[in-house]
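Please examine the sequence and the three-dimensional structure shown below. The explanation after it is meant to be read with both in view.

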Amino acid sequence: VVCRDGCIKAVGQADVIRNQFSEATFERIIDCSGKCVLPGLVDAHTHPVWAGDRVHEFAMKLAGASYMEIHQAGGGIHFTVEHTRKATEEELFNTFKHRLERMLRAGSTLVECKSGYGLNLETELKMLRVIERAKRSMDIGISSTYCGAHSVPKGKTATEATDDIINNHLPKLKELKRSGEIHVDNIDVFCEKGVFDLESTRRILQAGKDIGLQINFHGDELHPMKSAELGAELGALAISHLEEVSDEGITAMARAESAAVLLPTTAYMLRLKQPQARKMLEEGVIVALGSDFNPNAYCFSMPMVMHLACVNMKMSMNEALAAATINAAYALGKSDTHGSLEVGKQGDLVIINASRWEHLIYQFGGHEALINYVIIKGKVIYQNERC
């Protein structure tokens, strides 16, 4: 039962609920006989605001080019930056809105959305305004992330880019937050060899934390950087990727209760070694999942991500569901309101047309005829006529 305020009023057996609410009237009753009701899915890591298209790079990857080789040849992030800088705010908003709608139809009710294809203050703010507009005008939940340290801009050194972010970008974000124009939730840095080293990453993350942003950053993806150890030390809410994390980093994250946001699409697309999900789980790390939707990993579907996590990272279906709901909400600082069906939490639900919830993972790529309803704050946002 979801109340008019959008929060869950009761969860339980049908006959108990009927007795409890025998005098109540409802705007809508959905018959879920033979179906499953699940918490709305939470996508803990996406890059959904950009212009341009990198479909041509897929052929390069298939021919054996590495991520950094494509990057150094003028592709990758810099290709997208060039197109995103040229795009108007309206163009970016329209494509972003379309992508969010596709995520919603795949069951995501809360999505983390990053900037990071501007790399200069003007374009980063343009991207954050687009995210803010979607936050205010769309039903889907959004956690916004400033990711101005996604790559080192052409013509700058990593140290110069770091100084620019700390001295210019972050003070402007603080000012815009104070005026109520833009509210950013998280700060992200791509801590990687040839991008931002550990010391630059530390400086940027600490400066972001100092203005009230949650730390949620890219670490230990292509090379072991000791990012996990740094994140644990700084009290990071979450660290993403972690394909090359050290054993010490895993232990530190477990102790600090920093969530590991694992991205099975990235390891799959780039043919990287899989993150050590089993070791993390056994060590007590809070494991979350994200789609990493971006021009390099074009996946809107958290059901697909859960399937890949089970097959390639050896997670159980229960672990994958928790990672795509309550743990992903935790990684965004929202597990008190999202990620599970509990009284008092936001009424975000997915109803699937199957008698066992596992079909959401088992039906590889089959969510389009399986997800019957997507509900946010008790309101039906998507009803699938194919079910």
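The paragraphs that follow treat the sheets and then the helices.

This is a predicted model, in which local features need pLDDT of at least 70 and side-chain atom pairs count only at pLDDT 80 or more, while totals for chains, interfaces and linings use all residues. Residues are numbered from 1 along each chain as its sequence is written, and side-chain values use heavy atoms, with hydrogens and water left out. Helices (H or I, at least four residues) and strands (E, at least two) are DSSP runs, numbered from the N terminus.

Asparagine 186 has glutamine 214 of β6 as its bridge partner.

Is α13 enclosed by the rest of the structure, or how many of its residues are buried? Eight of the 11 residues of α13 are buried, so this helix is largely enclosed by the rest of the structure. Buried means under 20% relative accessible area, exposed over 50%, and partly exposed in between (1.4 Å probe, protein chains only). Among the buried residues of α13 are Met302, Val305, Leu308 and Cys310. The buried residues of α13 pack against β2, β3, α11 (264-270), β9, α14 (317-323) and α16 (359-362). Contact means heavy atoms within 4.5 Å.

A further open sheet has four strands in the order β1-β10-β11-β12, and its pairing is antiparallel. Its edges are β1 (36-39) and β12 (379-383), each with a single partner strand, so one side of each is left without a neighbour in the sheet. Strand β11 (residues 371-376) pairs with β12 in the antiparallel sense over four bridges. Valine 374 stands opposite tyrosine 382 in β12.

Helices also pack on one another. Two packed helices are described by the angle between their axes and the distance between the axes. Helix α8 (residues 198-210) and helix α9 (residues 227-234) pack at an angle of about 25°, with axes 11 Å apart. That makes α8 roughly parallel to α9, where angles under 35 degrees count as roughly parallel, over 145 as roughly antiparallel, 65 to 115 as roughly perpendicular and the rest as oblique. Residues of α8 including Leu198 and Leu205 meet Ser227, Leu230, Glu233 and Leu234 in α9. Helix α6 (residues 121-137) and helix α7 (residues 158-179) pack at about 35°, with axes 11 Å apart. Their contact is made by residues including Leu121 and Leu125 of α6 and Leu173 and Leu176 of α7.

Conventions:
Pairing = 2+ DSSP bridges. Axes fitted to C-alpha atoms, helices over the stretch in contact; angles between N-to-C directions.
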